[in-house]
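Let's look at this one together, asking at each step how a description can be backed up. Have the structure open as you read.

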2 protein chains.
Amino acid sequence: MAEALSCGAQVTDLFVTVPARSRHSDLVTAAEGAGIPVHVVSGEVMGDLAQTVTPQGLLAVCGFVDVPIAAVTQSAPTLVALLANVRDPGNAGTVLRTADAAGARAVVFADASVDPYNGKCVRASAGSLFHLPLVAGVRLGEAVAVMRGAGLRILAADGRAGRSLDDPGVQARLGEPTAWMFGNEAWGLPPDLVALADEPVAVPIYGRAESLNLAAAAAVCLYASARAQRVHGVTGRDGA
Amino acid sequence: MAEALSCGAQVTDLFVTVPARSRHSDLVTAAEGAGIPVHVVSGEVMGDLAQTVTPQGLLAVCGFVDVPIAAVTQSAPTLVALLANVRDPGNAGTVLRTADAAGARAVVFADASVDPYNGKCVRASAGSLFHLPLVAGVRLGEAVAVMRGAGLRILAADGRAGRSLDDPGVQARLGEPTAWMFGNEAWGLPPDLVALADEPVAVPIYGRAESLNLAAAAAVCLYASARAQRVHGVTGRDGA
């Protein structure tokens, strides 16, 4: 709620329970000051509205925040996350939060990925939904073409890839502007989607696990790029 | 199930539905060959046994796999994860899976952390429960003392820490044998637990997120150590 108000999202209504109204009087006052209608409701109504077992007692109705993909490339992004058929809302929201933390400039929900406005996704994003440009309902092929056109290198996170993040060649190019492609939590990225990328890269498995959870893999990949871009500076493609 | 059988866990019974018996005939044959009683049950009974909405149709009853903390240090571990009051079973299981992937030699469920045998934790671990030594029901203070006695440096993952993973001093020592301490998903590590560590270290936040999800932070920390230990070799404490 505070995120939505402070990040300029279009808040159209605020629902609040009596206890939450006194607990968050600063937020309620801010909303009223901004001309947002404030509705006091019972805990029972709040439970239904929030669709969660332990609602916070405060619920803001916001306009959609997603943007067209063309808007993303206008700011010359250096790090982007592309979700391809990520179905689990908790995973998708966690990747959104992690991408925000890693300083990514956009997250794209492509192909059959979950609705970013799914309540569980919004909660898992912990406010990051309002922090960075979000693109929804786009084809992965189109997203890849737009990102490539903007000078980003497309890396596919693929546990079956021959080269890992530790590969010196991969390491040497991690500082380049990069869009990371992440696949479905159960089956990953099928070959036809991997083929859209410039290079498939595996997170190395040093132990006996068969694979990493999607959100954990995304954290390792996005932070590897973020760190390389910060420590060595963002380098141009092909070291230019 | 395959993990449990192949990793030497004590499987005492195998429950299987008729469709799963033909689908996984190799596993059922292996179980029978090992003298494990195989019980055919209805889908309804399986649903109750597995406590999940879409059970796999195959359920093994195993003995507990946790070990005393003294057993962990006998193998001179170089990377260990210490969970301090991690309550969410999905998070704990994901950290277990990530620690396994990162090549950690043990995961310790300390203080009021969730029961590692919680069904959701077991499922989130994706078999990793059987891959590396697991310690449960130990005090964090005791776990820290034992790890420190075994020559491990204790790092506390703490978003409020003054130094981050990018700090050159932190980077220089990441190759040392390390036990990473991770706190509760909602409130992190309180000061009295951080004080048990040799050093608190933050995962850097490059964007606008307030913090990272626990499992994502653990992935970044564990992989940072694993990579440093592999690329530069495990170094002794204080560079010795």
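Q: How do you know that the span of helix α6 (residues 89-101) of chain A agrees with what its residues should give?
A: In this predicted model, the helix has 13 residues, and at 1.5 Å a residue these should span 18 Å. The C-alpha atoms at its ends are 18 Å apart, so the two values agree.

Q: What makes α6(A) largely enclosed by the rest of the structure?
A: A residue counts as buried if 20 or more other C-beta atoms lie within 10 Å of its own. In α6(A), 12 of the 13 residues are buried, so the helix is largely enclosed. Among them are A:P89, A:N91, A:G93, A:L96, A:R97 and A:D100.

Q: What covers the buried residues of α6(A)?
A: From chain A, the cover includes β4 (79-84), β5 (106-110), α7 (119-125), β8 (178-182) and α11 (214-231). Chain B takes part too, with its own α11 (214-231).

Q: Which residue with a positive phi follows α6(A)?
A: That is A:G103, with a phi near 80°.

Q: Why is A:G175 called buried?
A: The cut-off is 20 C-beta neighbours within 10 Å. A:G175 has 20 of them inside that distance, so it counts as buried. You can find A:G175 in the loop between α9 (168-173) and β8 of chain A.

Q: Which residues does A:G175 touch, leaving aside those up to four places away in sequence?
A: A:G175 touches A:A228, A:Q229, A:H232, A:G233, A:V234 and A:T235. Also, the C-alpha atoms of A:G175 and A:T78 are separated by 9.0 Å, although these residues are 97 apart along the chain.

Q: How many helices and strands does chain A have, and what makes it as compact as a globular protein of that length?
A: Chain A has 11 helices and nine strands. Buried residues make up 48% of the chain.

Q: Where do the domains of chain A lie?
A: The domain assignment gives domain 1 (2-62) and domain 2 (69-233). Over C-alpha atoms, the centres of these domains in chain A are separated by 32 Å.

Q: How many residues of chain A are in contact with chain B?
A: There are 30, and they meet 31 residues of chain B. On the chain A side, α6 and α11 each supply at least two residues. The largest share, eight residues, comes from α11(A).

Q: How do you know that the two copies are related as by a two-fold rotation axis?
A: Chain A can be laid on chain B by a turn of 180° with a shift of 0.0 Å along the axis, and the RMSD is 0.0 Å. The copies are therefore related as by a two-fold rotation axis. The same surface serves both, as 100% of the contact residues of chain A recur in chain B.

Q: What confidence values does the predictor give for the complex?
A: The complex has an ipTM of 0.89 and a pTM of 0.90. Chain A averages a pLDDT of 91, with 94% of the residues scoring at least 70. Where pLDDT is low, the predicted coordinates should not be read in detail.

Methods. Residues numbered from 1 in each chain as written. Chains lettered and ligands numbered in written order. Predicted model: local features only at pLDDT ≥ 70, side-chain atom pairs only at ≥ 80, totals over all residues. Helix = DSSP H or I, 4+ residues; strand = E, 2+ residues; numbered from the N terminus. Expected span 1.5 Å × (residues − 1). Contact = placed C-beta atoms within 7 Å. Least-squares fit on C-alpha atoms with pLDDT ≥ 70 in both. pLDDT = per-residue confidence, 0-100. Domains from an automatic or database assignment.
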